[in-house]
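Below is a short report on one protein model.

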Amino acid sequence: MKHIIILFIYLFTTVCFSQKEYPKNYFRNPLGIPTVFAGTFGELRSNHFHSGVDIKTQGKEGLKIYAAADGYISRIKVAQFGFGKALYITHPNGYTTVYAHLSKYAGEIEEYVRAIQYKKENYQTGNIFLKEDELPVKKGDIVAFSGDTGSSGGPHLHFEIRDTKTEHIINPMFFGITSKDTKSPTVQTVLVYPLSVDARINKQYNRYKISLKKKGNGNYISDRISASGTIGFGVNVFDRLNKANNRNGIYSLEMLVNGKRVYYHDVATFSFAESKYINLLIDYEYYKKYKNRVQKTHKVKANRLSIYKDLLDNGKITIEKGLNYIVEIIAKDFAGNASSIKIPISGKESNSIFKKQKDTTNYKIVAKKFQKFNQKNVTIAFPKNTFYEDMYLDFKVEKGVAKIHNPTVPLDKSFTLTFDVSKYTEEEKQHLYIANVEYAKYPRYQYTRKKDSTFYTTTKTLGKYKLLSDTKKPSIRLLYFKDKQWITSHKTLKVKITDVGSGIKNYRATIDGEWILMEYNHKKQILTYNFNDKKLDGSKHIFKIVVSDNVGNTSELSATFFKKQVN
C-alpha cells in the first residue's frame, strides 16, 4: 500500500508539472551570443534522456557565461567525467539553473574552488554545497567560461532548469530559452512488431521494417501491409533546427488509429530516477545491433516512465479480420513543426504457423527473485528485479571468456560478476583485472575489487567478460619543453600520459616538492598546470609526476626547468 501511495504522489506531481505555466522572461540567455542548440531537452541518449539543452559556443572555449537570473551558487562540482566542471544557481522563484562542461569559473568562484582543490590535493572536488549568503549572484553576472570538460563531445554549454524542491528537470524552452526552428522532423525508419502469439505482419512473425514514401511538407506514407492479432509500432526520427546540422530529439510522439488517439508522450519534464526507463521506451535490441534508436509507440508492462498520456491499451493495436485501418504516427518538435506517417493496414488472417523454439538452458531467470549461477571459475549473481521480465539466460565459460547472454537485453540493476583467481600466483594477481571483451580489439576495464582468491565487479551490461593482465607501466611525456630548459614565457606546463592496458587511475604532480593542480583532459590525454596558480621562489625548479594505472603499475618522471618571475 505504501508503494502505491508513493507512486500516486510521484505521478500526480509529474502531471502537475506538465500542466504548469512557466515564466517566459525570468531567465536570460546564459551566453552573450544568439542561441543555437546542438542538443535539445529529452533527446534519447545512452541509458538516459538528455536533461537540458546544449547551446553552441561557435566551436570555441572561454566564452563568458552569465547568471540566468538573481540567486546564489548552491552547488559546485568538478569531475573528470559527466558534467566536468559544473555550477548550480538557486533562484528565489523556486528553480535552479545548471551550467556544465565549463572551462573555468569566474573571479571569486574560481578562487573558492581552487582553494578546495589545493586543500584536498585533488582536481576532483565532489559535490560542494553552499549556503545562500556565501556566493550570491545577480542576473547577468559572469559566473564561468564555456568549455569542453567532462564527457562533452565538443565545446558547448549544457544548460538545465530544475525545480529546486523536487529536482524534476524541465524543458528550458518553456522558459523562453529557445532556438529558431522552422523545420519538420525527419523520419528515418518505421518498424512494426507482432505483440501476440497469433500476430502476423505480411504473414511473418518478425519485427518488420516498413517502406516509406516521402510526400513533402513532412508527410510520409507506406505501402499497405496485412496483419492480424496484436501489433505495435516504433519510429526512428530526428529534428534539425535552423542554423545547425545536429540531429536533435523531438518533443512529442503521437499515434492515431482511424483518427482516434491511442498513444501520446512528450518530454516536458521528467525525474532522474525514471530516466533509466528510456531502455524500455526504445527498441533496445535494435539499438544495440544497429545503433539507431527506435521509439516504440506502445508501452511495455515494466515501463514506469511518466511521460505518457491518453494511452489506449498501452498503444497496442488489435487487428481484426476483414477490417481496414489507417495508422497515423505524428512526430513534433517543440516549435510545433510536425511530420506525419500514414500506414494503411488490411486485417487478414494468416495460415503460417509459428512455433516458439524451446529453450533448454538450465539458467532460467525469474525476475522477482535473487538468483546466482556458477560455471567453472565464474559466478554471476542477480539481485531481484535486475531483469524486467522472466527469461532464459545463455551462460557459458569458454577459453577464459564468460559469455553472459548478450548486451541486447537491458537491465534495471547491476549484477555481480566474480572470477575465482586461486590458481594464480600473488604476482600474477597483482596485474589481473576484469575486462568487458564484447569487442575483443577494444577491451574495457571494469572496476575490479580484489579479495584473496576472488576478483569481482558490478555492471548493468550483459555480454563477454574476461580476466586480462596488465604488466606495462603508464607512459609520461613532457610537452613543449625539455629537461633543464628555460620556460620563462610559458603560461602553462603540460605533459601527456597514456596507458595501453587497464587505463590511468590517478596521478600526482609537484613542483619543488609541493603539490600542484594539473587538470586532466582525458580526451587528449594531456595534463595542464597553470603557472598563475601560485608564485614560485627562485628560477630553478624541479617538476615531478607519478602516474599509476588501475592495477598499480606506476611511472615517475622528474624534470628541471628554469623560469624567471614576470610581474
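## A buried glutamate and its partner

Glutamate 519 counts as buried, at 19% relative accessibility. Buried here means under 20% relative accessible area, exposed over 50%, and partly exposed in between, with a 1.4 Å probe and protein chains only. Glutamate 519 forms a salt bridge with lysine 85, and the closest N and O atoms are 2.9 Å apart. Glutamate 519 lies in strand β45 (residues 518-521) and lysine 85 in strand β7 (residues 85-90), so the pair ties together parts 434 residues apart in sequence. Lysine 85 is also buried, at 2% relative accessibility. A salt bridge is a side-chain nitrogen of Lys or Arg within 4 Å of a carboxyl oxygen of Asp or Glu.

This is a predicted model: local features need pLDDT of at least 70, side-chain atom pairs count only at pLDDT 80 or more, and totals for chains, interfaces and linings use all residues. Residues are numbered from 1 along each chain as its sequence is written, and side-chain values use heavy atoms, leaving out hydrogens and water.

## Other salt bridges

The structure holds 23 salt bridges. Side chains of opposite charge can pair when their charged atoms come close. Arginine 45 and aspartate 54 meet in one of these, at 3.5 Å from N to O. Arginine 45 is partly exposed, with a relative accessible area of 27%. Aspartate 54 is buried, at 8%.

Arginine 162 pairs with glutamate 167 in another salt bridge, with closest N and O atoms 3.4 Å apart. Here the arginine is buried, at 4% relative accessible area. Glutamate 167 is partly exposed, at 37%. Salt bridges that share partners also join Lys85, Glu110, Arg114, Glu519 and Asp533 into one network.

Lysine 563 is found in the segment after β48 (554-562). Its side chain reaches the backbone oxygen of histidine 490 at 2.6 Å. Lysine 563 touches Trp486, Ile487, Thr488, His490, Phe531, Gly538, Ser539 and His541, leaving aside residues up to four places away in sequence. Contact means heavy atoms within 4.5 Å.

## Nonpolar cores

The largest nonpolar core has 90 residues. Ile231, Phe233, Ile343 and Ile345 have the most contacts inside it. Strand β19 (residues 225-238) gives the largest share of this core, 6 residues. A nonpolar core is a set of buried Ala, Val, Leu, Ile, Met, Phe, Trp, Tyr and Cys residues joined through side-chain atoms within 4.5 Å.

Isoleucine 343 has touching residues that include Val190, Ile210, Phe233, Tyr325 and Ile329. A second, separate core of 26 residues includes Tyr363, Val421, Phe455 and Leu467.

## Strands and pairing

Strands (E, at least two residues) and helices (H or I, at least four) are DSSP runs, numbered from the N terminus. Two strands pair if DSSP finds at least two bridges between them. An open sheet of 5 strands has the order β41-β48-β47-β43-β44, with mixed pairing. Its edge strands are β41 (485-486) and β44 (514-515), and each pairs on one side only. β41 and β48 are parallel, over 2 bridges. Glutamine 485 has phenylalanine 561 in β48 as its bridge partner.

Strand β17 (residues 212-216) runs antiparallel to β18, joined by 4 bridges. The two form a hairpin with 2 residues between them, and asparagine 217 in the turn has a positive phi of about 55 degrees. Glycine 216 has asparagine 219 in β18 as its bridge partner. Strand β18 (residues 219-222) has a covered face, Tyr220 and Ser222, and an uncovered one, Asn219 and Ile221. β18 also pairs with strand β27 (residues 338-347), in the parallel sense over 3 bridges. There, tyrosine 220 stands opposite isoleucine 341.

## The whole protein

The protein has 5 helices and 48 strands. Its C-alpha trace spans about 90 × 65 × 50 Å along the principal axes. Of the 567 residues, 51% are buried. Among contacts with a separation of 6 or more, 68% involve residues 24 or more positions apart.

Key:
A polar contact is a pair of N or O atoms within 3.5 Å; within protein, one must be able to donate a hydrogen and the other to accept it, and residues adjacent in sequence count only if both atoms are side-chain atoms.
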